[in-house]
Amino acid sequence: MSDYPFLKACRGEATEFTPVWLMRQAGRYLPQYMAVRSKCTFLELCKTPELAAEVTIQPIDYLGADAAILFSDILTPVEPMGLKLDFVPGPVFESPVRSMADVDALRIPDPEEGVPYVMETLRILRRAFEGRVPLIGFGGAPFTLACYMVEGKGSKDFAHIKKMMYAAPDVYTALMDKITEMDRLYLNAQVKAGAQAIQIFDTWGGIVSPTDYEKFVLPYTKKLIDGLDRSVPVIHFVKGAGTMLDLVNRAGSDVVGLDWHVNLGKARDILGPKIGVQGNLDPTVLYAPHAHIEREVKRILDENAGRPGHIFNLGHGILPNVPPENAKFMVECVHRLSGR
Ligand code: CP3
């Protein structure tokens, strides 16, 4: 089943229409999700394969998206490394990583033992989706995982991780090496369990200067991608990296994710014809009237100018209060306006 439009676009092949899915397409904007979520915590949902599979399928049924993404979180595989995780609703680690002793205490478990529920969810989903839509597995980029593990939660200035980078480079390097190895095993296990593409989310990769990105972020993402099972395409999304796409490209993915701060046509010129792109609609556009949503979809398709290797998506995750029918309308617009 390698001729799904989404997978063809990942490989840079021409498609009959532009495939589309939405980052964070399963979630709180959908009443169907809230109905399941009201009976358990977010982590319980991630750890119960039947429920995780159910909420993964919901946006496929409702939106008609061209790819499904595993329901989980980038931080689920960090918990079995030995860091207790909670969501309140943002992620919180009770004991953040701050010293070499903290890094030494981290484990790198076999993914089938550490996160068996993720692997089981993927197996259920592959059976459920066969012949319908391809299944995307995902993980956080090493740097974004390190941000949460060192800060202990989200942050405005990321002072702890930057302090570690600059003032304790040996601790930083040891931590990043360990996370990168965990991630490599985790993502390859996802492919073995049925993921047909892998997306790497580097939500915080854009908080450093291009010089620091090249020194402290890129080497680990590149090492991760070099170590992945490349029988499936790899999508690499670095938020806020519009000014350093040449560096992002060096990590070696098949597709580069674009937020909305960059013009898609210019990004493609920088990345070159062999690299696909995914994005780049401003997520707040889904609050706008339909006519505006349609204009924005058309603008982005026009910027792509018919080049193969475009997957339509938002430039970041869908926002919680978006009317579901606006998300569905966006998907319809992409299909209708790109049909050829
Ligand atoms: O895309 C999908 O539909 C698959 C599921 C998915 C979730 N998180 C579910 C989730 C994916 C791909 C993620 C990735 C993720 N998680 C990222 C990278 C992408 C991005 O948005 O930048 C990051 C940084 C996280 C960490 C995280 N998880 C945060 C900051 C939060 C709280 C804020 C928020 O958006 O809710 C979460 C919780 C979370 N992850 C929820 C969902 C559906 C909400 C949990 C709930 O139901 O209360």
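This is a predicted model: local features need pLDDT of at least 70, side-chain atom pairs count only at pLDDT 80 or more; totals for chains, interfaces and linings use all residues.
If we leave aside the neighbours within four places in sequence, I74 is in contact with F138, G139, G140, T144, L145, Y148 and F201. From I74 to M330 there are 256 residues in sequence, and the C-alpha to C-alpha separation in space is 26 Å.

M330 brings me to the largest nonpolar core, which has 129 residues, and in which F6, M149, L175, L286 and M330 are the residues with the most contacts inside it. Helix α10 contributes the largest share of this core, namely 11 residues. As for L175, not counting residues up to four places away in sequence, it touches V97, V103, L106, A146, M149, V150 and M164.

Let me finish with the packing of α10, residues 169-193, against α7, residues 116-129, where the angle is about 30° and the axes are 8 Å apart. Because angles under 35 degrees count as roughly parallel, these two helices are described as roughly parallel to each other. The crossing in which α7 passes α10 is right-handed. On the α7 side the contact is made by V118, M119, L122 and R123, and on the α10 side by Y186, A189, Q190 and A193. Sorted by class, this contact has 6 nonpolar residues, 1 polar and 1 charged.

Key: Residues are numbered from 1 along each chain as its sequence is written. Side-chain values use heavy atoms; hydrogens and water are left out. Axes are lines fitted to C-alpha atoms, for helices over the stretch in contact, and angles run from 0 to 180 degrees between N-to-C directions. Helices (H or I, at least four residues) and strands (E, at least two) are DSSP runs, numbered from the N terminus. Angles under 35 degrees count as roughly parallel, over 145 as roughly antiparallel, 65 to 115 as roughly perpendicular and the rest as oblique. A crossing is left-handed if the near helix is turned anticlockwise from the far one by less than a right angle, and right-handed if clockwise. Contact means heavy atoms within 4.5 Å. Ala, Val, Leu, Ile, Met, Phe, Trp, Tyr, Cys and Pro count as nonpolar, Asp, Glu, Lys and Arg as charged, and the others, Gly among them, as polar. A nonpolar core is a set of buried Ala, Val, Leu, Ile, Met, Phe, Trp, Tyr and Cys residues joined through side-chain atoms within 4.5 Å. Buried means under 20% relative accessible area, exposed over 50%, partly exposed in between (1.4 Å probe, protein chains only).
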